[in-house]
Amino acid sequence: MSGLFDTFNIAKRGLTVQQAAINTTSHNIANANTAGYSRQRAVAETTTPFGGMSRFDTSGAGQVGTGAEITSIQRIRDSFIDYQVRSESGTSGYYTPISETLSKVEDVFGEPSDTGIQELTNKFFSAFQEVSKTPDKSDVKAVAIQKASALADSINYAYNQLKKTCDDSQSVLQSNVTDVNSCLDQINELNKQIKGVSAVGQTPNDLMDKRDNLLDDLSKKFGIKVDRDNLDTINLSSTEYPTNSLVKSDPNDTDYTRLSYVKSAVGKADGTVEVEYYPLGNEKSASKSFIIAAGNAADATEVAKNLMQNRILISDKDGNAVGTTKDELTIAATDTTTTRPTEGTSTATTGSGVTTVTSITSVTNPDGSKTYTTLVKSTPPATVKQLKGGTFQTYKADSESGASNVDNNHIKGEIAANQSVQETIKGYMDNLDRLAAGLAYTVNAIQTGSVEGGSLDGSTSSTTSQNLKNNFIFTNAGNTTTDAGITAANIKINGDLLKDSTLLNCNSTLTSGVGDGKRANAIANLNLTKMKLSDIGATTDLTKMSRKDFLNGVGISGFSDTASNLNLNSQTDGSTVNSYYNAIISNLAVVKQNASGKADDQETILSNLEDQKSQVSGVSLDEETTNLIQFQHAYQANAKMISTNRR
């Protein structure tokens with residue numbers, strides 16, 4: 001039967017409970033402004049009562065309580081809100097960098113502007129219109145040549161700045177690699193600590209907060225999949241490549257994945273691709289390399305190009321590149337002829353040092369059929385298929401390797417943004433290439449009276465008509481022998497014309513006399529000439545294309561007036577130089593506006609979710625102060641019980 005001593009014990013337990021509640025409240029208040037902190041709550045439960053365990057118990061009517069105790073310190077967290085925040089963080093992490101990068105692209109073009117390509121193009125054509133009026137004046141010719149030089153320089157500058165912006169995105173990918181690896185290592189270490197604390201019956205709330213903060217940061221890089229396991233540990237993988245574990249709940253399992261950064265990838269003439277990479281993205285460490293057989297030179301070039309855009313390789317924990325393929329085979333329950341694969345894992349190493357691990361698993365489907373999954377991991381990758389499965393490409397799905405699980409309708413993360421925006425920028429670079437070539441070749445054709453500008457290999461030479469001087473206005477990096485291979489990257493004004501403006505062909509023929517400015521007028525009228533510039537494919541290598549081939553490709557086969565060769569035989573459809581450039585700028589504006597709109601929308605969605613998260617897990621100083629008063633009074637009341645009991 002309970003007595004004064006039991007009352008003393010109850011009060012003592014009460015003091016302990018209230019002290020724990022006060023300590024927890026104090027911890028909450030101290031971390032009110034700590035980023036990512038989840039408020040905690042001391043969970044109190046009644047202790048085992050005294051007596052009343054059976055009808056033969058003589059302790060009196062009912063059970064006599066023995067007080068309370070703290071059973072746990074609970075972390076207030078909503079896992080569903082966490083999932084939503086991380087999902088939307090991934091989407092926001094995709095659109096925000098794209099919007100920021102496209103803003104830089106808009107700044108490169110700087111339209112509308114007095115110094116932009118559009119205005120310089122107008123000034124170029126206007127200058128030749130003036131030359132046509134006074135073709136005998138060298139100063140007017142000099143002005144026209146200077147305008148041509150300014151236009152070429154502006155196209156050069158825009159192209160080089162776009163290339164720099166593209167290179168910047170690749171540099172950011174290297175930072176992404178080191179950041180992700182660092183984050184994963186920290187999560188892995190926290191996982192071990194959390195498991196150790198949980199194993200002895202404690203709740204590692206602050207450690208789990210740190211881990212959740214890192215998961216939140218990681219979700220901005222790519223899609224993540226978090227699976228809870230025993231003792232508060234997690235298994236972590238990316239949604240894009242789920243077969244590669246990033247963190248494992250078992251601290252003794254070292255078969256997890258990290259990322260490495262591609263230093264270079266070169267497609268060789270023999271059809272091989274030589275890949276050099278920094279293990280774990282650490283450029284201070286010794287680089288490693290491997291060679292892949294792609295088939296032919298064109299395929300090798302394409303593989304190298306894609307690799308240089310994506311830049312990230314999936315690797316093992318030490319940074320060694322790992323190629324992956326995944327194949328599935330479904331066999332009906334009634335199928336007795338198809339050989340069923342043998343399940344299990346096997347490892348093989350070739351003489352060239354390639355280690356291949358093959359795992360075969362199966363699942364039984366509701367209809368009784370069985371699906372066998374064959375997962376092959378090769379260190380380093382030995383085939384193009386394995387290389388594609390070992391490339392961390394998160395902005396679009398790769399169906400060839402079978403290892404990619406990218407959802408093209410829901411792209412996530414900064415890595416995907418920095419990979420995909422390069423395609424957008426390269427598209428504008430290709431457009432500038434077509435613009436530069438179209439401008440240069442049509443102008444040079446009128447200037448020389450010929451569509452034949454010669455070839456880089458010397459198999460054909462540039463020609464003229466009407467006894468004109470063979471002086472190009474635009475050249476390929478100053479080459480005055482042929483204008484083949486002109487692009488936005490190498491278009492230059494003919495240096496000879498800068499030195500001597502009288503070399504400019506203004507007349508319809510060499511001997512047509514003073515005052516004949518028909519050829520200069522024909523160049524000025526090129527602003528109305530339409531070309532099918534879009535018919536030149538994005539994969540076409542303009543550096544190997546001649547003037548004649550390019551003009552034929554855009555629908556210009558020659559001259560409509562073969563007697564004087566002043567008017568190109570252009571098409572009635574297509575685009576002029578100005579309209580083509582305007583279409584580039586308009587497209588950029590639309591793409592940028594779309595990305596900015598989605599980035600703003602995601603920011604709003606994410607802000608609302610963060611508010612919801614804060615309402616659940618955040619610390620309210622008003623609430624904590626109220627709790628503190630309540631716990632203080634309870635503590636004093638329990639102390640009073642002890643004092644009363646002693647009397």
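Me: What makes the contact between the side chains of Arg 86 and Asp 216 a salt bridge?
Reply: Good place to start! Keep in mind that this is a predicted model. The name calls for a side-chain nitrogen of Lys or Arg within 4 Å of a carboxyl oxygen of Asp or Glu. Arg 86 and Asp 216 meet at 2.8 Å, N to O, so the pair passes the 4 Å limit.

Me: Which parts of the chain does the pair of Arg 86 and Asp 216 tie together?
Reply: Arg 86 belongs to helix 2 and Asp 216 to helix 5, so the bridge joins parts that are 130 residues apart in sequence.

Me: Why does Arg 86 count as buried?
Reply: Buried means under 20% relative accessible area. Arg 86 has 9% relative accessibility, so Arg 86 is buried. Asp 216, at 12%, is buried too, because its value is also under 20%.

Me: What makes Asp 209 and Arg 75 a salt bridge?
Reply: Try the distance again: the closest N and O atoms of Asp 209 and Arg 75 are 2.8 Å apart, and the cut-off is 4 Å, so the pair qualifies. The two partners come from distant parts of the chain, with Asp 209 in helix 5 (residues 205-218) and Arg 75 in strand 2 (residues 68-75), 134 residues apart. Both are buried.

Me: How do we know that Arg 77 forms a salt bridge with Asp 209?
Reply: Here the closest N and O atoms are 3.7 Å apart. That is within 4 Å, so the name holds. Arg 77 sits in the loop between strand 2 and helix 2 (79-109), and 132 residues separate Arg 77 from Asp 209 in helix 5.

Me: Are Arg 77 and Asp 209 buried or exposed?
Reply: Arg 77 has a relative accessible area of 18%, which is under 20%, so Arg 77 is buried. Asp 209 has 4%, so the same rule makes Asp 209 buried.

Me: Which residues are linked in a network of salt bridges?
Reply: Arg 75, Arg 77, Asp 82, Arg 86, Asp 209, Asp 212, Asp 216 and Lys 613 are. For the structure, the count comes to 24 salt bridges.

Me: Why do strand 3 (224-228) and strand 5 (245-247) stand at the edges?
Reply: Their open sheet of 3 strands has the order 3-4-5, with antiparallel pairing. Strand 3 and strand 5 each have a single partner strand, so one side of each lacks a neighbour in the sheet. Neighbouring strands here are turned by 35° against each other on average, direction ignored.

Me: How do we know that strand 3 and strand 4 pair?
Reply: Pairing takes at least two bridges. Strand 3 and strand 4 (residues 234-238) have 5 bridges in the antiparallel sense, so they pair. Within them, Val 226 stands opposite Leu 236 in strand 4. Helix 4 (residues 138-199) packs on this sheet, touching strand 4 and strand 5, and its direction makes about 65° with that of strand 5.

Me: What makes strand 11 and strand 12 a pair?
Reply: Strand 11 (residues 344-349) and strand 12 (residues 355-364) share 6 antiparallel bridges, and at least two are needed, so they are paired. Thr 345 has Ser 359 in strand 12 as its bridge partner. The two strands form a hairpin with 5 residues between them, and Gly 353 in the turn has a positive phi of about 90°.

Me: How many bridges join strand 12 to strand 13?
Reply: There are 10 bridges to strand 13 (residues 370-379), and the strands run antiparallel. Strand 12 and strand 13 form a hairpin with 5 residues between them, where Gly 368 in the turn has a positive phi of about 95°.

Me: Which residues line the largest cavity?
Reply: Ser 238, Tyr 241, Asn 244, Leu 246, Thr 257, Leu 259, Ile 314 and Phe 392 do. Its volume is about 40 Å³. A cavity is a space where a 1.4 Å probe fits but cannot get out.

Key
Residues are numbered from 1 along each chain as its sequence is written. This is a predicted model: local features need pLDDT of at least 70, side-chain atom pairs count only at pLDDT 80 or more; totals for chains, interfaces and linings use all residues. Side-chain values use heavy atoms; hydrogens and water are left out. Helices (H or I, at least four residues) and strands (E, at least two) are DSSP runs, numbered from the N terminus. Axes are lines fitted to C-alpha atoms, for helices over the stretch in contact, and angles run from 0 to 180 degrees between N-to-C directions. Contact means heavy atoms within 4.5 Å. Buried means under 20% relative accessible area, exposed over 50%, partly exposed in between (1.4 Å probe, protein chains only). On a 1 Å grid over the protein atoms alone, a cavity is a set of points where a 1.4 Å probe fits but cannot get out, and a pocket is an open set with protein on both sides within 12 Å along at least five of seven lines; lining residues have an atom within 4 Å of a point. Grid points are joined across faces, edges and corners, and a volume is the space filled by probe spheres set on the points.
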